[in-house]
Amino acid sequence: MEKLREKKLFLFDMDGTLYLGDRLYDFTNELLETIKKNGGKYMFMTNNSSKSVVDYIKKLKRLGIEAEYNDFITSSQATGYYLNKHHKGATLYVCGTQSLKDELISNGYTITENLDDVEVVVMGFDTELTFKKLEDVSKLLLSRPDIPYIATNPDYVCPTEFGSVPDCGSVCDMLYNVSGRRPLVIGKPEPLMPILAMDHTGYKKEETVVIGDRIYTDIRSGVNADVTTILVMSGETTYEILEKSDIKPDYAMESARELMIVLKNR
């Protein structure tokens with residue numbers, strides 16, 4: 001635990017780690033303030049592509065957390081980065097929320113529902129999902145087996161106050177049953193998001209820690225980026241899941257409250 005006091009960059013998953021649904025955990029603000037008092041930097045790193053950064057800033061403010069654009073690294077941003085690098089200027093079909101579409105449009109992309117014009121298919125966590133979107137993507141994947149097919153994140157479920165709802169990975173599994181195709185995944189567990197965060201802030205791997213409630217996304221992403229990882233049990237993961245997992249975090253905690261206690265006892 002003592003090594004955690006040496007960390008400078010704290011990359012937090014949000015839902016299930018700092019809050020659950022619309023309920024802020026009672027330790028969150030004190031934890032974030034402690035990191036700042038210790039001279040560290042925190043960023044919010046989320047796979048949830050249903051909201052743009054602007055929308056996340058609004059949500060956190062509503063929950064009582066002040067945040068700025070540069071405090072975030074999201075799967076939507078990482079998807080925009082990937083598209084700029086590999087499919088710059090492409091016309092997209094986006095199976096996602098209007099918020100995700102707005103974020104991609106702000107990066108200079110054209111989004112269309114005219115299937116003849118589509119050059120890349122992008123799947124997100126779509127809380128506005130319709131059967132027409134599923135039908136459109138099915139047509140694109142079946143009629144054009146070489147079309148680039150990208151998913152913002154592989155999460156099967158998104159935690160809520162009543163349990164969970166289907167996330168992007170579950171919808172991608174439905175489409176796999178139709179088309180036999182799997183998307184290229186951009187967000188966690190891939191290492192791109194923590195790598196981008198380190199690039200943006202200038203911190204090194206040994207100064208960085210990823211904190212999240214999911215082994216197969218948060219923890220695996222940290223492992224893939226070769227940084228320290230903390231699994232918290234305040235969201236999706238149980239001790240039974242942890243015991244069976246082949247991926248192990250460096251630390252496991254009941255909640256991020258334990259991290260706050262460690263950092264306060266410097």
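**Exercise 1. Residue E30**

Classify E30 from its relative accessibility of 39%: does this residue count as buried, partly exposed or exposed?

*Solution.* 
Step 1. Buried means under 20% relative accessible area and exposed means over 50%, with partly exposed in between (1.4 Å probe, protein chains only). E30 has 39% relative accessibility and therefore counts as partly exposed.
Step 2. The model is predicted: local features need pLDDT of at least 70 and side-chain atom pairs count only at pLDDT 80 or more, whereas totals for chains, interfaces and linings use all residues. Residues are numbered from 1 along each chain as its sequence is written, and side-chain values use heavy atoms, without hydrogens or water.
Step 3. Helix α1 (residues 28-37) contains E30. Helices (H or I, at least four residues) and strands (E, at least two) are DSSP runs, numbered from the N terminus.
Step 4. A contact is a pair of heavy atoms within 4.5 Å. With residues up to four places away in sequence not counted, E30 touches M260 and K264. With K264, the side chain of E30 makes a polar contact of 3.2 Å, side chain to side chain. A polar contact is a pair of N or O atoms within 3.5 Å; within protein, one must be able to donate a hydrogen and the other to accept it, and residues adjacent in sequence count only if both atoms are side-chain atoms.

**Exercise 2. The cavity and D155**

State how many cavities of 30 Å³ or more a search of the whole structure finds, and describe the place of D155.

*Solution.* 
Step 1. The search finds one cavity of 30 Å³ or more. On a 1 Å grid over the protein atoms alone, a cavity is a set of points where a 1.4 Å probe fits but cannot get out, and lining residues have an atom within 4 Å of a point.
Step 2. The largest cavity holds about 110 Å³ of space; grid points are joined across faces, edges and corners, and the volume is the space filled by probe spheres set on them.
Step 3. Its lining consists of 14 residues, and D13, T46, N48, D155 and R214 lie nearest the centre. Two or more lining residues come from each of β10 (157-160) and α8 (215-224).
Step 4. D155 belongs to the loop between β9 (149-151) and β10. Its relative accessibility is 4%, so D155 counts as buried.
Step 5. The side chains of D155 and N47 are joined by a polar contact of 2.8 Å. Neighbours within four places in sequence aside, D155 is also in contact with residues including D167, R214 and Y216.

**Exercise 3. Strand β13 and helix α7**

Explain why T208 counts as buried, and name the elements against which the buried residues of α7 pack.

*Solution.* 
Step 1. T208 counts as buried because its relative accessibility is 0%. T208 is placed in strand β13 (residues 208-212).
Step 2. A polar atom of the T208 side chain lies 2.8 Å from the backbone oxygen of K204. Among the residues that T208 touches, beyond four places in sequence, are K7, L9, M198 and V227.
Step 3. In helix α7 (residues 192-201), M193, P194, L196, A197 and M198 are buried. They pack against β1 (9-12), β4 (41-46), β5 (72-74), α3 (75-86), β13 and α8.
Step 4. After α7 comes G202, with a positive phi near 85°.

**Exercise 4. Backbone geometry**

Which residues does a cis peptide bond join, and what is the phi of D226?

*Solution.* 
Step 1. Most residues other than glycine have a negative phi, and most peptide bonds are trans.
Step 2. The cis peptide bond joins K188 and P189, with omega about 25°. P189 is in the loop between β12 (184-185) and α7.
Step 3. D226, which is not a glycine, has a positive phi of about 65°.
Step 4. D226 is located in the loop between α8 and β14 (228-232). This residue is exposed, since its relative accessible area is 54%.

**Exercise 5. Residue E113**

Where is E113 found, and which residues is E113 in contact with, leaving aside its neighbours within four places in sequence?

*Solution.* 
Step 1. E113 occupies the loop between β7 (110-111) and β8 (120-123). At 54% relative accessibility, E113 is exposed.
Step 2. Beyond those neighbours, E113 is in contact with Y93, K101 and K132.
Step 3. From C-alpha to C-alpha, E113 and P249 are 42 Å apart in space, and 136 residues apart in sequence.

Technical notes:
On a 1 Å grid over the protein atoms alone, a cavity is a set of points where a 1.4 Å probe fits but cannot get out, and a pocket is an open set with protein on both sides within 12 Å along at least five of seven lines; lining residues have an atom within 4 Å of a point.
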